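Please open the model in your viewer and keep the selection tool at hand.

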Amino acid sequence: MSEAPVPDTPEGDAATDTAQADTDRNAAIQALAEAFTGLAVEPGRDASIRLHISPTGVLGTSLEHCHSIDLTPARAHQLADQADAMNCCLDGERPDTGTVLGPETIADITELFEDIDLVGLTGAVLNSTRPGHRPKVTQAIDDMFGDIPGPEDPEP
């Protein structure tokens, strides 16, 4: 029996997955800490906000991955603004904050959106949607545009 090969166990795979997840988590924590350290001020010098970054759960041997960054309210607002901007962008791409659109570009974009026939677009979307998916698509459209009365509905 001592010569028999040891079969791969799911527990071994789980341990490898957990170790990789820990490595990824620790790298992300380190990246956040390094990015936020540039915003930090010396403790006590106008700092009234402390941001803690650490792994969740029992820390055990992960104490080296715990970071505290002291921020002023102004820096915290800047951080919040950047997080908001990131949440508004497709796939978390940060906007190029140095780009300013010219008035003619804004006018072109406005004209483009004014020319969209929402009723026609909604009809085209629903016509190309499988019948079983139409309730969810209808709900998504309603969530985007609000409760818009149809042509047969009386005005409120």
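**Stop one: the nonpolar patch**

Helix 3 gives the most to the nonpolar patch, with 4 residues. The model is predicted, so local features need pLDDT of at least 70 and side-chain atom pairs count only at pLDDT 80 or more, while totals for chains, interfaces and linings use all residues. Residues are numbered from 1 along each chain as its sequence is written, and side-chain values use heavy atoms, with hydrogens and water left out.

Select Leu101, Ile106, Ile109, Leu112, Phe113, Ile116, Leu118, Leu121, Val125, Met144 and Phe145, which make a nonpolar surface patch of about 1,000 Å². Helix 3 (103-114), helix 4 (118-127) and helix 5 (134-145) are the elements that give two or more residues to this patch. Patches are made of residues with over 30% relative accessible area and no salt bridge; nonpolar side chains (Val, Leu, Ile, Met, Phe, Trp, Tyr) are joined within 5 Å and like charges within 9 Å. Areas come from the Shrake-Rupley method with a 1.4 Å probe; for residues, only the protein chains shown count as cover. Helices (H or I, at least four residues) and strands (E, at least two) are DSSP runs, numbered from the N terminus.

Next, select Ile116, in the loop between helix 3 and helix 4. Ile116 is partly exposed, with a relative accessible area of 36%. Buried means under 20% relative accessible area, exposed over 50%, and partly exposed in between (1.4 Å probe, protein chains only). How many of the 12 residues of helix 3 are buried? The count is 0.

**Stop two: the nonpolar core**

Select Ile29, Phe36, Leu39, Ile53, Ile69 and Leu71, the 6 residues of the largest nonpolar core. Helix 1 (10-37) and strand 2 (67-71) each supply at least two residues of this core. A nonpolar core is a set of buried Ala, Val, Leu, Ile, Met, Phe, Trp, Tyr and Cys residues joined through side-chain atoms within 4.5 Å.

**Stop three: the salt bridges**

The structure holds 2 salt bridges (a side-chain nitrogen of Lys or Arg within 4 Å of a carboxyl oxygen of Asp or Glu). Select Asp22 and Arg25, whose closest N and O atoms are 3.6 Å apart. Both residues lie in helix 1, about one turn apart.

Then select Arg50 and Asp70, whose salt bridge has its closest N and O atoms 2.6 Å apart. Arg50 lies in strand 1 and Asp70 in strand 2, so this pair ties together parts that are 20 residues apart in sequence. Asp70 counts as buried, at 8% relative accessibility.
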